[in-house]
There are 2 protein chains.
Amino acid sequence: MTTQVHTIAVLGGTGAEGSGLALRWARAGHRVTLGSRNPEKAAKVCEELNAVLGSNSIAFSDNRSAASAATIVVLTVPHQAQHATVDEVRKEIAGKILIDATVPLVPPKVARVQLPAGGSAVAEVQRMLGDTVRVVSAFQNVSAHELRDPDHSIDCDVLVCGDDVSAREIVVALARDIGLRAYHAGPICNSAAAEALTSILISLNIRYKVPGAGIRITGIPDAAS
Amino acid sequence: MTTQVHTIAVLGGTGAEGSGLALRWARAGHRVTLGSRNPEKAAKVCEELNAVLGSNSIAFSDNRSAASAATIVVLTVPHQAQHATVDEVRKEIAGKILIDATVPLVPPKVARVQLPAGGSAVAEVQRMLGDTVRVVSAFQNVSAHELRDPDHSIDCDVLVCGDDVSAREIVVALARDIGLRAYHAGPICNSAAAEALTSILISLNIRYKVPGAGIRITGIPDAAS
């Protein structure tokens with residue numbers, strides 16, 4: 001199904017978004033490890049996901065071990081834990097691709113766009129890490145709930161932002177591997193748009209009483225996405 | 001075609017976005033005046049639009065006269081002219097609805113999201129004006145080119161943000177009047193998402209060599225939009 005098999009660590013992999021991505025990537029043939037600070041919870045989520053897959057292909061460990069063994073590290077922790085988690089694995093992710101799905105929601109008003117002072121939460125992480133890590137922003141707008149049902153077709157596109165085009169290309173392919181259309185959406189600072197959009201989607205869910213509003217990009221032929 | 005006829009002043013109405021909106025609203029039965037600081041250009045654009053309509057329904061005048069006569073004032077000037085234009089008509093728009101379509105592009109890097117320090121350029125205008133004007137953000141993502149062809153079906157939805165729900169409701173209806181799906185997207189600060197998205201769409205146009213990428217909201221039944 002996939003063109004290139006990656007070893008992926010999903011940090012925050014016991015959460016709704018992370019576990020959904022882990023499940024779909026494992027199903028597409030990638031080697032996936034959930035990273036977590038809570039081994040009991042990780043064991044439980046890992047067992048649930050493997051039961052869905054009917055295999056034992058997903059593993060779990062602490063964040064540092066998971067990041068160390070992976071070539072691609074995915075960050076799906078709450079905004080409040082973003083910087084601490086990046087700091088924790090700073091050595092382990094050097095030279096790698098970090099896919100950051102962080103949305104800078106500020107509870108309790110999560111339907112209100114409240115971007116950090118610098119604009120984008122993910123661009124801030126790229127600044128923290130410097131050139132040693134290729135940070136790519138993606139998956140902020142995809143409903144966690146829909147990811148967890150591996151047969152569900154997701155009516156939402158992925159905006160992929162990052163300063164390194166080849167890293168973006170890998171993330172676009174990883175999105176396609178799990179049935180999503182994904183687009184190169186420019187440099188890492190453009191992540192501000194995807195991050196802000198999540199609050200709009202939450203706002204739409206509330207206003208229109210729907211479970212998962214999403215976005216589609218129009219005007220681009222399917223073959224290009 | 002429309003449920004309520006409005007008297008609309010489109011400031012910056014000689015530009016691509018403003019003239020397209022003016023054309024479509026006039027065609028839908030609204031009374032439209034182009035506001036401009038350049039009477040010769042305004043006369044010329046007005047003549048062009050009326051030729052398309054086959055009538056003389058669109059008028060033109062200076063910004064202050066146009067704003068003074070209107071119940072709804074629309075701002076479609078470049079970001080650099082936004083504050084000066086608002087200052088110019090501050091008295092004339094008191095108590096009215098100001099629809100602001102401003103996108104904070106920073107030339108030459110217009111495909112790069114560069115939101116102002118406060119987050120949203122339109123939210124800044126609401127702060128400038130205080131409670132006297134109900135500012136509503138909309139139309140940032142709709143291709144000007146497509147608006148100018150009144151028979152062209154536009155494959156792009158409108159995110160409508162504003163702190164006053166009844167004002168947003170009027171703007172949602174005005175978008176529908178010209179054949180667009182529009183959604184209540186939350187308070188005025190949420191405009192940051194729509195403003196940032198425009199740079200993403202420009203970025204997609206460049207990357208995928210298309211004339212007008214757009215967005216569609218998914219997951220909400222059509223009847224609700």
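## Stop 1: across the two chains

Select E169(A) and R207(B): these two form a salt bridge, and their closest N and O atoms are 3.5 Å apart. Keep in mind throughout that this is a predicted model.

Now select E169(B) and R207(A). They form a salt bridge as well, with the closest N and O atoms 3.6 Å apart. This pair crosses between chains: E169(B) sits in helix α7 (residues 165-177) of chain B, and R207(A) sits in helix α8 (residues 191-208) of chain A. Are these two residues buried, exposed or something in between? E169(B) has 35% relative accessibility and so counts as partly exposed. R207(A), with a relative accessible area of 34%, is partly exposed too.

How many salt bridges does the rule find across the interface of chain A and chain B? The count there is two. Over all chains, a search of the whole structure turns up 22.

Next, colour the two chains separately and look at where they meet. The contact takes 39 residues from chain A and 39 residues from chain B. About 3,000 Å² is buried between the chains, and carbon and sulfur atoms give 64% of that area.

One more selection here: helix α8 (residues 191-208) of chain B. It lies across β7 (158-162) and β8 of chain A, and runs at about 85° to β8(A).

## Stop 2: the sheet in chain B

In chain B you'll find an open sheet of eight strands with mixed pairing, in the order β3-β2-β1-β4-β5-β6-β7-β8. Which strands stand at the edges? They are β3 (59-61) and β8 (182-184) of chain B; each has a single partner strand, so one side of each is left without a neighbour in the sheet. From one strand to the next, the twist averages 25°.

As background for looking at any sheet: strands pair through backbone hydrogen bonds, either parallel or antiparallel.

Zoom in on strand β2 (residues 31-35) of chain B. Three bridges join this strand to β3(B), and the two run parallel.

Now bring in the helices. Helix α4 (residues 79-88) of chain B packs on the sheet and touches β1 (7-11), β4 (72-75) and β5 (97-100) of chain B. The direction of α4(B) makes about 155° with that of β4(B). Then select helix α5 (residues 121-129) of chain B, which lies across β5 and β6 (134-137) of chain B and runs at about 175° to β6(B).

## Stop 3: salt bridges inside chain B

Show the side chains of R134(B) and D164(B). They meet in a salt bridge, 3.2 Å from N to O. This pair links distant parts of the chain, 30 residues apart: R134(B) is in strand β6 of chain B, while D164(B) is in the loop between β7 (158-162) and α7 of chain B. R134(B) counts as partly exposed at 30% relative accessibility, and D164(B) is partly exposed at 27%.

Next, show R181(B) and D157(B), whose side chains meet in a salt bridge of 2.9 Å, N to O. Here the partners are 24 residues apart, with R181(B) in the loop between α7 and β8 of chain B and D157(B) in the loop between α6 (144-147) and β7 of chain B. Buried or exposed: what is D157(B)? With a relative accessible area of 1%, D157(B) is buried.

## Stop 4: over to chain A

Bring chain A back and select D155(A), D157(A), R181(A), R216(A) and D222(A). Salt bridges link these residues in a network.

Then try N50(A), which lies in helix α2 (residues 39-53) of chain A. At 7% relative accessibility, N50(A) is under the 20% cut-off, so it counts as buried. Leaving aside neighbours within four places in sequence, N50(A) is in contact with S55(A), N56(A), S57(A) and I58(A).

Select strands β1 (residues 7-11) and β4 (residues 72-75) of chain A. They pair in the parallel sense over four bridges, and I8(A) stands opposite I72(A) in β4(A).

## Last stop: the nonpolar core

Which members of the largest nonpolar core touch the most other members? Of its 108 residues, they are W25(A), F139(A), W25(B) and F139(B).

Terms used
Residues are numbered from 1 along each chain as its sequence is written. Chains are lettered from A and ligands numbered from 1 in the order in which they are written. This is a predicted model: local features need pLDDT of at least 70, side-chain atom pairs count only at pLDDT 80 or more; totals for chains, interfaces and linings use all residues. Side-chain values use heavy atoms; hydrogens and water are left out. A nonpolar core is a set of buried Ala, Val, Leu, Ile, Met, Phe, Trp, Tyr and Cys residues joined through side-chain atoms within 4.5 Å. Buried means under 20% relative accessible area, exposed over 50%, partly exposed in between (1.4 Å probe, protein chains only). Two strands pair if DSSP finds at least two bridges between them. Axes are lines fitted to C-alpha atoms, for helices over the stretch in contact, and angles run from 0 to 180 degrees between N-to-C directions. Contact means heavy atoms within 4.5 Å. Buried area is the accessible area (1.4 Å probe) that two parts lose on being put together, summed over both. A salt bridge is a side-chain nitrogen of Lys or Arg within 4 Å of a carboxyl oxygen of Asp or Glu.
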